[in-house]
Amino acid sequence: MLNVSHVTKKYGKFTACKDLSFHLDPGSVTVLLGPNGAGKSTIMKAMIGFLRYDGEITVGGFPNKSADARRLLGYIPEMPALYPNLTVSEHMEFLARAYRLSDYKQRMDALLKQFELDDKRKKFGDELSKGMQQKLNICLGLLPEPRVLLLDEPMIGLDPHAIKELKCTIERMRDEGKTLLVSTHMIDSVDMLWDRTLIMQNGEIRANVTRKELEQDGRTLEQLFFDVTENLNRETVCLSEKAACRED
């Protein structure tokens, strides 16, 4: 459903993402893991079409920046970008009109109730707490009912009820045959959700593993993460020490 082929993104001389290739299947949840600075947010922004890059990204066979792809693709960013002078209801109305949605009000009402924002409809964006802003951020991402949904650190700032509701929504969307990619460094928050994991470090994919493959290997997701990232760090240290010895 979503295909990333040989994608590289550079900022000047710095390579944030290096020759990334992977495919996300319909009816699956993929977890994108990696330490800070690994390149997770960069590839997410490239997929949604916010960045220029080398390579190819398609959604449902369409180039990701095309109108056809945008109708399929949804995005919940890490940082809510709300309008301070729009109310909660007006945010939802604005997005519905931008996507030219019809018969959306019942779904809007259901989402606001699900994430406990129903009594905050008249609150302005800058009057909401950080947790409420994130809840509205999630409602806005879910309202168009995308076939492919990218979630960048979606659980940061959420209360336990909202985390539970978001997890239930992710599982329901997977059961409906939709494709989800969740970027996070909170491994325990997604441990029961994922079908495939991609682990990034230094702008590269260091592991691409399914849940079944990991279970057969006898490791947990957390063990795999640290095995991949810490082994790479040890290898880097060893190489640096060898280079220093040669210089001496």
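The legends below describe close-up views of a predicted model.

**View 1. Packing of helix H3 against helix H5.**
Helix H3 covers residues 88-98 and helix H5 covers residues 130-142. Their axes lie 10 Å apart and meet at an angle of about 25 degrees. Angles under 35 degrees count as roughly parallel, so H3 is roughly parallel to H5. The crossing of the two helices is right-handed. On the H3 side the contact is made by Val88, His91, Met92 and Leu95, and on the H5 side by Leu136, Cys139 and Leu140. Sorted by class, the contact of H3 with H5 has six nonpolar residues, one polar residue and no charged residues.

**View 2. Packing of helix H3 against helix H4.**
Helix H4 is formed by residues 105-114. H3 and H4 pack with their axes 11 Å apart, at an angle of about 140 degrees. Angles over 145 degrees would count as roughly antiparallel; H3 and H4 are therefore oblique to each other. H3 passes H4 in a right-handed crossing. From H3, the residues Val88, Ser89, Met92 and Glu93 take part, and they meet Lys105, Met108, Leu111 and Leu112 of H4. The contact of H3 with H4 divides into five nonpolar residues, one polar residue and two charged residues.

**View 3. Met92 and the nonpolar cores.**
The largest nonpolar core has 44 residues. Met92 is among the residues with the most contacts inside this core, together with Phe115, Leu136, Leu151, Leu166 and Ile170. H5 supplies the largest share of the core, five residues. Leaving out residues up to four places away in sequence, Met92 touches Met108, Leu111, Leu112, Leu136, Cys139, Leu140 and Leu143. A second, separate core has 26 residues, including Cys17, Ala46, Ile48 and Val59.

Thr169 is found in helix H6, which runs over residues 160-175. The relative accessible area of Thr169 is 3%. Buried means under 20%, so Thr169 is buried.

**View 4. Gly39 in the loop between strand S3 and helix H1.**
Gly39 is found in the loop between strand S3 (28-33) and helix H1 (40-48). With a relative accessibility of 10%, Gly39 counts as buried. Setting aside neighbours within four places in sequence, Gly39 is in contact with Ala16, Cys17 and Met200. Cys17 is also one of the residues of the second, separate core. Gly39 and Asn64 are 25 residues apart along the chain, and their C-alpha atoms are separated by 19 Å.

**View 5. Glu213 in helix H8.**
Glu213 has its place in helix H8, made up of residues 211-217. The relative accessibility of Glu213 is 41%, and Glu213 therefore counts as partly exposed. Along the chain, Glu213 and Arg196 are 17 residues apart; their C-alpha atoms are separated by 9.2 Å.

Conventions:
Residues numbered from 1 in each chain as written. Predicted model: local features only at pLDDT ≥ 70, side-chain atom pairs only at ≥ 80, totals over all residues. Heavy atoms only, no water. Axes fitted to C-alpha atoms, helices over the stretch in contact; angles between N-to-C directions. Helix = DSSP H or I, 4+ residues; strand = E, 2+ residues; numbered from the N terminus. Parallel < 35°, antiparallel > 145°, perpendicular 65-115°, else oblique. Left-handed = near helix turned anticlockwise from the far one by under 90°. Contact = heavy atoms within 4.5 Å. Nonpolar A, V, L, I, M, F, W, Y, C, P; charged D, E, K, R; others polar. Buried < 20%, exposed > 50% of the residue type's maximum accessible area, 1.4 Å probe, protein only. Core = buried A, V, L, I, M, F, W, Y, C linked by side-chain atoms within 4.5 Å.
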